[in-house]
Amino acid sequence: MAGLAVFLGAALGFAAVRFKVQEDPIVEQIDAILPQTQCGQCGFPGCKPYATAIANGEAEINQCPPGGEDGIHKLAELLGVEFKPLNAEHGEPKPKSVAIIDEATCIGCTLCIQACPVDAILGAAKQMHTVIAQECTGCELCIAPCPVDCISMVTIKEDLATWKWKYPVVQMKAAS
Amino acid sequence: MEMEIPGGTNESRLMNRTLYEFNGGVHPDEHKQVSTARPIALAPLPKQLVIPLSQHIGQAAKAIVSVGDQVLKGQRIGQAEGYVSVSVHAPTSGTVTAIAAHAVAHPSGLSDLCVSIVPDGADQWVEHASLDYRNMEPSHLRNLLRDMGIAGLGGAVFPSFIKLNPGAAQKVPTLILNGGECEPWISCDDMLMRERAVEILQGAAVMRFMLNSDDVLVGIEDNKPEAIAALRVAAAECGFPVEVIAVPTVYPGGGAKQLIKVLTGKEVPSGGRSTDIGVATFNVGTAYALHRAVNHGEPLISRIVTVTGNVHRPQNFEVLIGMPVAELVRLAGSVKDDTSGYVMGGPMMGITLAGDDVPVVKATNCILAQSPGLFPPAPPAMPCIRCTRCAQACPADLQPQELYWFARAKNFGKTQEYNLFDCIECGCCSYVCPSHIPLVQYYRYAKSEIWAKEKDKKAADQARERHEFRQLRIEREKRERAAKLAQRASAKPAEVASGSPEDAAAAAKKATIQAAIERAKAKKDSVTPKNVTDLPPEKLQEIAEIEARRAKIREIAQQPVDE
C-alpha cells in the first residue's frame, strides 16, 4: 500500500511538472480585451498600463469609453467581478472615426507625429503631414498639440465593407 | 432516380449510380414553368450601363478608365486587386460617363463604386482571340481567366481561377457541374442547359483539363427533363466521359455541399472546402462563361437572367452586365400594377432590392417581381416552442433552434460552437417554422457581428503591435542619445592627456609651426636696417634710447594686469 502511495505521488508530481499549463498572465488577458486605441481616456498612458492597473486593483474596469459596455462585460467576466456602467468621468463612447489633416493648413511642425501613439502620421519637419487612415485608432491625441488646428476627426461612414446585418426587429404576436 | 429520356444514347444513362440523400430539405412550390415557355431572348442595348467594380467575393476591382474615355466591347475597365478578385469589362462599346457611387443590389441598399457607360450602338468588340489553353503555363491561363472576369455564376460569385487551381495534389479527381437550380421561380440554368448544352460541356472540357479530373458529373434536378435530355445528347458527342445524373428535386439540392453529398456520398468537412475531399463544383453557367472565354476570347460581360413573378411575360434573357433592372423588367412585358418590389434571386435566398435602378451583376440569376398576392407578408412571429422542425429541415445538420436562441441572446461564442458558419442561409428552417420566426435573419446578424468583431480584433492587435514598437523605438532613441552624450563627455579629458597617436601628431604639427616662428624671428633679428648705417653717433644714441623704451613698453604689455 505504501509503495503504491509513493508511486502514485511520484506519478502525480511528475505529471504536474511535465504537463504544466502555461497560462497567460492576467495583464495580457486584460490587455487583449482592451481596444488598443491608446487614447489615455482611462487616465493611464495607454492600454497596457491600464491593464496593469486593473490587474493590480488600482483601477476600475469601467474607465474605457472606446471599449464600451461590451468591453466592461468582458472584463467583468474575466475577472469575476460585478458589471459596472461606464464611468462618465472618462468620456462617452463615440462612433469610430479617423483623424484627417487639412493638408493646406498644415505647417509641418511634427507635433502631431510625436503625439500619435501608433505612428499613424506620416511627415517630416516643414513637410506636409498626412494620416495613414488604416492605422489610425481614432484616439484624438493629435488634435490638442496642433498649433494651427488643422486636424479634425471624421466619423467612418458605413459602406459595403463595414455594413452589418441589423438585429432582427420582429413583430411578435402575443400568444393568447 | 434515372429517367428514361428518348435521345439519350450515352452509356452514362445506363450506368446505375447509387445516389445518396442529405438530411432535411423542403419542397416549396416550384413556379419554374412560367418562365420556361419562351426561349432565351437577347436583351437589347439599354440607354446606359452601370457596371459595379465589386461584383464578386473578395476585393473590388480597380477602375482603369477615366470619365470621357471611349471603350470597346470586352475592354477591361476594372483590374483585379489582390488575390481574391477578378476584372470587370465594358459590356458594349461606348463612352464612360461616370465613375461614381451608384445604387447596387445589396441588402443594405447602400451605393457602391460603379462605372457608367453610354453605349454608342456600334457594339464594337475589342481585339480578342481564343486561348490555346492546352499549351499554356497553367498559372498564366488562370491569370488570363482572372483578367477575363470569370467568377461563379451560381450565386456566390467566387473567382473561378482560384477554384481551377488543382493545388499541390495536381489533381481534383471529381468535377461536378451543378445544374441543380433548386430555388423556386428561377429557370436561367434550366434554359441555358436546354439551349446551350454543347457549349456547357466545352467549358467542362477546359475545367477537366485544368483540374486533371477523372470523372465529370452533371447533377440536374429531375424537374428539368428537357435539360437532362439536352445534356445527355451533348454528352454523347463531347469526346470525354460525362455522366448526366438526375437528382431528386428537393430544396436546397442545388447547394454545392448538398449536391456533392447526393452524387458522391461524401460530406464536405465543417469549415472545409470541397477540394479537401477531391471534388470541384461549378455552376453550369460558369462552365458556359468559361467556354466563351477560352474558346472565343470573350470576357464575362453577359449572363442569363430569369425575369419572373409579377410580370406579364416571364422569360429568360441574355443580359449585358450593368443593365438596369427597370429596363429589364420592361422586356418581360412590364410588371403588373400591384407590384410591391423586386427580389434579386429567388424567394428563399434572394435579396430585396431597394429600387429598380440597380444594375444586373454577375450574381443576378433572377429578377423576381413581388406582389402581396404572390408573396403574402409573413405572419407575425410567435415565440419559439422548441418543436425542432427546423432541425429536421436543416440540410446542413445544424440545430437551428439552438442557434436562434444564442443569436437572439447575442451569445456569439456559443453560436460558433454550434457551427453557425456551416449555415448556408437556405431558409429551410424559417420555411418550416410554425412560429414564423425569421430565423435566417438572426443567423445573418450573428455572422456579421462575429466578422465585425474579428476585424476589430485584428485592428486592435495591429494597433498594439505598432504602439509597442513605437514605445520600443522611443526607448532605443533615448538610450542611443544617452550613449552619445556619455561618449562625448568622456572624449574631452582624453584630448589633454597626450599619448594617443592623434595627440602625438598634433604636437608634432605644433612644434613645426613653433620652429618656423623661431626661424623667422632669428632672421629678423640678424638683419640690421639699412637706413641706420651712415648716421652720426648722437642719432644712433637716440635710436637706442627709443628702442629701449619700446622694449620696456612691450615688457609692460606682456605682464598680467594687476587689479
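## Strand pairing in chain B

In this predicted model, B:Q70 stands opposite B:T95 in strand β7(B). Strand β7 of chain B covers residues 94-103 and is joined to β4(B) by two bridges, the two strands running antiparallel; strands here are DSSP runs of E of at least two residues, and helices are runs of H or I of at least four, numbered from the N terminus.

Four strands of chain B make up an open sheet with antiparallel pairing, in the order β2-β8-β7-β4, where pairing requires that DSSP find at least two bridges between two strands. Because β2 (49-52) and β4 (70-71) of chain B stand at the edges with a single partner strand each, one side of each is left without a neighbour in the sheet.

## Helices α5 and α6 of chain B

Helix α5 (residues 197-211) and helix α6 (residues 225-237) of chain B have axes that come within 8 Å and cross at roughly 55° (axes are lines fitted to C-alpha atoms over the stretch in contact, with angles from 0 to 180 degrees between N-to-C directions).

B:A197, B:V198 and B:L201 of α5(B) meet B:A230, B:L231, B:V233, B:A234 and B:A235 of α6(B), contact being defined by C-beta atoms, placed from the backbone, within 7 Å. The residues of this contact divide into eight nonpolar, no polar and no charged (Ala, Val, Leu, Ile, Met, Phe, Trp, Tyr, Cys and Pro count as nonpolar, Asp, Glu, Lys and Arg as charged, and the others, Gly among them, as polar).

## Contact between the chains

Chain A and chain B each contribute 24 residues to their contact. On the side of chain A that touches chain B, there are eleven nonpolar, six polar and seven charged residues.

## Basis of the description

Residues are numbered from 1 along each chain as its sequence is written, while chains are lettered from A and ligands numbered from 1 in the order in which they are written. Local features of the predicted model need pLDDT of at least 70 and side-chain atom pairs count only at pLDDT 80 or more, whereas totals for chains, interfaces and linings use all residues.

Notes:
Two residues are in contact if their C-beta atoms, placed from the backbone, lie within 7 Å.
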